[in-house]
Amino acid sequence: MAERESEEEQSRTDSKGRHAPLREDEVERAFDTIVARGRPRLFRTMPELLASGTIAGVEISLGVLAFLYVEQATGSQLLAGLAFGVGFIALLLGNSELFTEGFLVPIAVVLAREAGWWRLARFWLATLVGNLLGGWVSMWMVVVAFPGLHSVAIETGEKFAESGFDLRTFLLAVLAGSTMTLLTRMRIGTDDDVARVLASLATAFLVAGLSMYHSVLDTLFIFGGIHAGAGYGYGSWIAFFGWTVLGNAVGGIGLTTFLRLVRSHERLYEWRRTAPASHRP
């Protein structure tokens, strides 16, 4: 009995010699959850990935619709930002994939040697294509179904399409990427659906209400303006999208994801050490 307890205690000793009482069980359990939930996402078939991404594009357009309607009715961007939370709640309860929500979890899975890098690239590409396709179609439907929103759709899209490339816009994109990745971590950190909904609303307030630059979300505003007959077009969108994706990646991957993985690096090391070759396709 004593030998078994000694072996269990030794297995709970990390590479720095820290024993069980010195290890942060809550942090390690959260990392285990990230890997366990993330691995199946990377092993979806291509049709499943495209479908999930397209559904997300449609669902997030509901948040854009709510934003435009509330901003037109109240003139308050902060209230409109809260209304945008409808889209995040739809994503949460619908279990669909938004491109920038795919930073922390899939990267942790790959670094834990539970999937290969090519699966991560495939996941990102399919999710992004689906988001853009679903968003383009759904925003066309919004503009046709709600002609009274044309002017506010054009005005809102113009803020992003013609914003330019400077330090301010780049940092707004960095903040958006970091905030969205934090939302992913907060959702994983609790099983309370009420807490998850509140986290979604708080994130919507920050990202949409404060006009942070998010590659997919703001693309839908631009698409809405284009469908409504705005003077800007897809060339402006491509320039905006490239600049914003870069900033989102710096914030979501280089800042939030990197620091979270540093905090859990011992548990990550244990996953890498024990991962069988069959789990690294």
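1. A residue counts as buried when its relative accessible area is under 20%. In this predicted model, Thr 244 has a relative accessibility of 0% and therefore counts as buried. Thr 244 belongs to helix 11, which spans residues 234-263. A polar atom of the Thr 244 side chain lies 2.7 Å from the backbone oxygen of Phe 240. Beyond residues up to four places away in sequence, Thr 244 touches Ala 173, Tyr 213, His 214 and Ser 215.

2. The overall composition of the protein chain is helical, with 12 helices and zero strands. Read from the N terminus on, the order of elements is α-α-α-α-α-α-α-α-α-α-α-α. The protein chain has 281 residues, of which 49% count as buried. Considering contacts between residues at least 6 apart in sequence, 82% join residues at least 24 apart.

3. The pairing of helix 4 with helix 9 deserves attention. Two packed helices are described by the angle between their axes and by the distance between the axes. For helix 4 (residues 77-94) and helix 9 (residues 193-207), the axes come within 7 Å and cross at roughly 135 degrees. Helix 4 is therefore oblique to helix 9. The crossing of helix 4 past helix 9 is right-handed. On the helix 4 side, the contact involves Leu 78, Gly 81, Leu 82, Phe 84, Gly 85, Phe 88, Ile 89 and Leu 92. On the helix 9 side, the partners are Arg 196, Val 197, Ser 200, Leu 201, Thr 203, Ala 204 and Phe 205. Sorted by class, this contact of helix 4 with helix 9 comprises 10 nonpolar, four polar and one charged residues.

4. Helix 11 also meets helix 6 (residues 117-145), and the axes of these two helices come within 15 Å and cross at roughly 135 degrees. That angle makes helix 6 oblique to helix 11, and helix 6 passes helix 11 in a right-handed crossing. Helix 6 contributes Trp 124, Leu 128, Leu 132 and Trp 136 to the contact, while helix 11 contributes Tyr 234, Trp 237, Phe 241 and Ile 253. The residues of this contact of helix 6 with helix 11 are eight nonpolar, no polar and no charged.

5. Helix 5 (residues 104-111) is another partner of helix 11: the two axes come within 10 Å and cross at roughly 50 degrees. Helix 5 is therefore oblique to helix 11, and the crossing is right-handed. From helix 5, Leu 104, Ile 107, Ala 108 and Leu 111 take part in the contact, facing Ile 253, Thr 257, Arg 260 and Leu 261 of helix 11. By class, the contact of helix 5 with helix 11 holds six nonpolar residues, one polar and one charged.

6. Gly 134 is located in helix 6. With a relative accessibility of 2%, Gly 134 counts as buried. Gly 134 and Ala 56 are 78 residues apart in sequence, yet their C-alpha atoms are 7.2 Å apart in space. Leaving aside neighbours within four places in sequence, Gly 134 is in contact with Thr 54, Gly 57 and Val 58.

7. Ser 264 is placed in the loop between helix 11 and helix 12 (265-274). Although in a loop, Ser 264 counts as buried, because its relative accessibility is 9%. Apart from neighbours within four places in sequence, Ser 264 contacts Val 27 and Phe 31.

8. Arg 113, in the loop between helix 5 and helix 6, has a phi near 65 degrees, a positive value in a residue other than glycine. Ser 211, in the loop between helix 9 and helix 10 (215-227), has a phi near 55 degrees, likewise positive in a residue other than glycine. Arg 113 is partly exposed, with a relative accessible area of 31%, whereas Ser 211 is buried, with a relative accessible area of 18%.

Methods. Residues are numbered from 1 along each chain as its sequence is written. This is a predicted model: local features need pLDDT of at least 70, side-chain atom pairs count only at pLDDT 80 or more; totals for chains, interfaces and linings use all residues. Side-chain values use heavy atoms; hydrogens and water are left out. Helices (H or I, at least four residues) and strands (E, at least two) are DSSP runs, numbered from the N terminus. Buried means under 20% relative accessible area, exposed over 50%, partly exposed in between (1.4 Å probe, protein chains only). A polar contact is a pair of N or O atoms within 3.5 Å; within protein, one must be able to donate a hydrogen and the other to accept it, and residues adjacent in sequence count only if both atoms are side-chain atoms. Contact means heavy atoms within 4.5 Å. Axes are lines fitted to C-alpha atoms, for helices over the stretch in contact, and angles run from 0 to 180 degrees between N-to-C directions. Angles under 35 degrees count as roughly parallel, over 145 as roughly antiparallel, 65 to 115 as roughly perpendicular and the rest as oblique. A crossing is left-handed if the near helix is turned anticlockwise from the far one by less than a right angle, and right-handed if clockwise. Ala, Val, Leu, Ile, Met, Phe, Trp, Tyr, Cys and Pro count as nonpolar, Asp, Glu, Lys and Arg as charged, and the others, Gly among them, as polar.
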